[in-house]
Amino acid sequence: MRELDSSQADFKSQLEALLAFQEDDSAEVNRVVESVLKDVRVRGDEAVLEYTNRFDHMNATSMSALEVPHHRLQQALASISPELKGALESAAERIRRYHEKQAQPSWTYQEEDGTVLGQQVVPLDRVGIYVPGGKAAYPSSVLMNAIPAKVAGVGSIIMTVPTPRGEVNELVLAAAAVAGVDRVFTVGGAQAVAALAYGTETVPKVDKIVGPGNIYVAMAKRMVFGTVGIDMIAGPSEICVICDGGTDPDWIAMDLFSQAEHDQDAQAILISPDADCLFAVKASIEKLLPGMERKDIISVSLKERGAFIKVADLKDAVDVVNLIAPEHLELSVADPDALLPDIRHAGAIFMGRYTAEALGDYCAGPNHVLPTSGTARFSSPLGVYDFQKRSSLINFSSRGASDAGRIASVLARGEGLTAHARSAEYRIVEE
């Protein structure tokens, strides 16, 4: 891991270099994704079937073979261990309870002249959820993406998940049953995004696509944006920990590992004003790493993108965090509430020594779909609000239309739009 010090004159440039990440978006990836999107749009099911068999080494003969019937989801839920089933259901309940607090009702208010203004909030009709497969399977992603959509009142949830060589993850299907997913297709890659965005003879067209995937999925989501909505273009996972030196260094080391094990490009950063803390955590990393199942991935992640950052004090630590705008932020300090008001940029904030980021990944309740790569400066976690849309409500009374018409007329004529002006003027009542 790199060692940085905020007191150094070139600290900001060093930090920028550490945070810089450019995912491979080569011309070849663009070419492949564009070709797949165009082909699926033209040939529909036939193209989806062809690409799925080619890229996922499948032998499906029809799209019906790629759809998982509802009873199969229930079968998966019944087949997993009682311990796993209980954990899925408990996590789902916590996630549902949290997201119910986010649901926004429609609202109106009436002005003195009788004019009524407001906002109508309605759910999206249909959404698509992309769940990664292949290297790893993430039932937690099913819960985090589907449950907010359900709470929002989305009419239909379509899930796609790749099953390379026909290997189906029972826990993912069980999670789909628990979350109330309506239809599941064992399709992945750019072809899945295309099918959801454009619709095929079998896969219904959706209004929005959410969920993470590889570079081909990310590029496809970027290209179909506008035809459909998307949640975000997710980068590698990130964790940033502020520690005052009072937390067991083994805990901190494992918290850093918890994100580094995702991906060699993941980023784990520890910030502390206590040099002894940084030294102790470094020793814990060296001690614990050999026993980790994904030690090779963790090792590369920490070496290439990890860092220890020495700061002057906790206020300085918060300033550094606001520059980083991390996906996950742990405040492993005695008084996390004292730091909170000054933290402006973070996807999720884990407060106190006992609040491991891993709890947020699975069952805390808040969503684990979070802005990465510094986008926490302007983006928020996935939530119920992502599955709702709003229409403005405007209902003028006769008097209100007359009064507002005078204002609109002046402004419209100032812009040279006389039809606008005259439209408003027709409603003006001369006193």
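This is a predicted model: local features need pLDDT of at least 70, side-chain atom pairs count only at pLDDT 80 or more; totals for chains, interfaces and linings use all residues.

Student: Which residues is Val 127 in contact with, apart from its neighbours within four places in sequence?

Tutor: The partners include Ala 149, Val 154, Ile 158, Val 206 and Phe 387. Contact means heavy atoms within 4.5 Å.

Student: What makes the pair Tyr 51 and Phe 55 stacked?

Tutor: Two cut-offs are needed here: ring centres within 6.5 Å make a pair, and planes under 30 degrees apart count as stacked. The ring centres of Tyr 51 and Phe 55 are 5.7 Å apart and the planes meet at 10 degrees, so this pair is stacked. Both residues lie in helix α3 (residues 45-55), four residues apart, which is about one turn of the helix.

Student: How do you know whether Tyr 51 is buried or exposed?

Tutor: Tyr 51 has 6% relative accessibility, so Tyr 51 counts as buried. Phe 55 has a relative accessible area of 38%, so Phe 55 is called partly exposed. That label is for values between the buried limit of 20% and the exposed limit of 50%.

Student: And why is the pair of Trp 251 and Tyr 354 called tilted?

Tutor: The centres of Trp 251 and Tyr 354 are 5.9 Å apart, with 55 degrees between the planes.

Student: What parts of the chain does the pair link?

Tutor: Distant ones: Trp 251 is in helix α10 (residues 249-260), while Tyr 354 is in the loop between β14 and α15, 103 residues apart. Trp 251, with a relative accessible area of 40%, is partly exposed. Tyr 354 reaches 72% relative accessibility, so Tyr 354 counts as exposed.

Student: Now the strands. What makes β10 and β13 paired strands?

Tutor: Two strands pair if there are at least two bridges between them. Strand β10 (residues 238-243) and β13 have five bridges, in the parallel sense. Within this pairing, Val 241 stands opposite Glu 330. Strand β13 also pairs with β14 (residues 348-351), in the parallel sense over four bridges. There, Leu 331 has Met 351 as its bridge partner.

Student: How do you know that both faces of β13 are covered?

Tutor: His 328, Glu 330 and Ser 332 on one side are buried, and so are Leu 329 and Leu 331 on the other. In a regular strand, side chains alternate between the two faces of the sheet.

Student: What makes β2 and β9 edge strands?

Tutor: Look at the open sheet of six strands, in the order β2-β7-β6-β5-β8-β9. Its edge strands, β2 (67-68) and β9 (229-230), each pair on one side only. Strand β9 pairs with β8 (residues 208-210) in the parallel sense over two bridges.

Student: Last one: which residues touch the most other members of the largest nonpolar core?

Tutor: In that core of 40 residues, they are Val 142, Leu 143, Met 159 and Val 184. Helix α7 gives the most to the core, with eight residues.

Note on methods:
Residues are numbered from 1 along each chain as its sequence is written. Side-chain values use heavy atoms; hydrogens and water are left out. Buried means under 20% relative accessible area, exposed over 50%, partly exposed in between (1.4 Å probe, protein chains only). A nonpolar core is a set of buried Ala, Val, Leu, Ile, Met, Phe, Trp, Tyr and Cys residues joined through side-chain atoms within 4.5 Å. Rings of Phe, Tyr and Trp (its six-membered ring) pair if their centres lie within 6.5 Å; planes under 30 degrees apart count as stacked, over 60 as edge-to-face and the rest as tilted.
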